[in-house]
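These are my notebook entries on one structure, set down in the order in which I looked things up.

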Amino acid sequence: MIRWILYAIAVLLIGLGFLYFMASYYEPMRLIIGSVFLVTAFLIIFFAREKKPKEIVREPQILGPLKIKEIRCPNCGAILDADSIHLHEGVPIAKCKYCGKSFGVTEEPTW
Ligand SMILES: [Zn+2]
């Protein structure tokens with residue numbers, strides 16, 4: 001909700017910035033004011049957007065303390081411990097130490 005207000009302000013500032021750019025024909029100082037408006041607008045957009053990546057960053061934290069209760073090898077049915085799981089390109093891969101089969105681990109939410 002707040003993000004949309006910030007976007008509205010940014011759009012307004014961009015509009016004002018362009019107005020000042022057009023008016024700079026009569027007064028060159030307006031070019032500076034216009035660029036200040038534009039820079040402020042882009043900063044607002046940048047900070048309003050920043051919230052999204054933060055949510056993505058949270059994912060590794062879920063993987064961090066591995067809360068794997070019981071992972072069974074789909075090949076031989078052996079129960080694997082956390083030591084046999086490693087990250088491969090961000091995807092947890094488990095390697096069975098009994099039959100040597102590698103498979104992707106789909107972490108189910110524990111809550
Ligand atoms: Zn196995």
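Predicted model: local features only at pLDDT ≥ 70, side-chain atom pairs only at ≥ 80, totals over all residues.

**Entry 1. Strand pairing**

I looked up the bridges of E4. Strand E3 (residues 85-88) and E4 pair in the antiparallel sense, and I find four bridges between them. His 88 has Val 91, in E4, as its bridge partner. I record E3 and E4 as a hairpin with two residues between the strands. In that turn, Glu 89 has a positive phi of about 55°.

I then turned to E5. E4 and E5 run antiparallel and are joined by three bridges. Opposite Ile 93 I find Gly 104 of E5. These strands also form a hairpin, with six residues between them. Gly 100, in the turn, has a positive phi of about 80°.

**Entry 2. The chain as a whole**

I listed three helices and five strands in the protein chain. From the N terminus on, I read the order of elements as α-α-α-β-β-β-β-β. The chain has 111 residues, and 22% of them count as buried. For contacts between residues at least 6 apart in sequence, I note that 36% join residues at least 24 apart. The accessible surface of the chain comes to about 8800 Å², and carbon and sulfur atoms account for 65% of this surface.

**Entry 3. The zinc site**

Which protein residues are the donors of the zinc ion? I find Cys 73, Cys 76, Cys 96 and Cys 99, each through SG, lying 2.3 Å from the ion. Along the chain the donors follow the spacing C-x2-C-x19-C-x2-C. The pair Cys 76 and Cys 99 links distant parts of the chain, 23 residues apart. I place Cys 76 in the loop between strand E1 (71-72) and strand E2 (79-80), and Cys 99 in the loop between strand E4 (91-95) and strand E5 (102-104).

Why is the arrangement tetrahedral? The four donor atoms around the zinc ion subtend angles of 106 to 117°, and the class requires all angles to lie between 85 and 135 degrees.

Cys 76 has a relative accessible area of 41% and is partly exposed. Cys 99, with 33%, is partly exposed.

**Entry 4. Aromatic pairs**

I searched the whole structure and found four aromatic pairs. Tyr 20 is partly exposed at 26% relative accessibility, and Phe 37 is partly exposed at 22%.

Phe 46 and Phe 47 have ring centres 5.5 Å apart and planes at 80°, so I class their pair as edge-to-face. Both Phe 46 and Phe 47 are exposed.

**Entry 5. The loop between H1 and H2**

Is Ser 24 buried or exposed? I located Ser 24 in the loop between H1 and H2. Its relative accessibility is 14%, so Ser 24 counts as buried, the limit being under 20%. Leaving aside residues up to four places away in sequence, I find that Ser 24 touches Arg 30 and Leu 31.

Notes. Residues numbered from 1 in each chain as written. Heavy atoms only, no water. Donors = N, O, S within 2.8 Å, 3.2 Å for Na, K, Ca; no water. Tetrahedral: all angles 85-135°; square planar, octahedral: opposite > 155°, others 65-115°. Buried < 20%, exposed > 50% of the residue type's maximum accessible area, 1.4 Å probe, protein only. Phe/Tyr/Trp six-rings, centres within 6.5 Å; stacked < 30°, edge-to-face > 60°. Contact = heavy atoms within 4.5 Å. Areas by Shrake-Rupley, 256 points an atom, 1.4 Å probe, with all protein chains shown as cover. Pairing = 2+ DSSP bridges.
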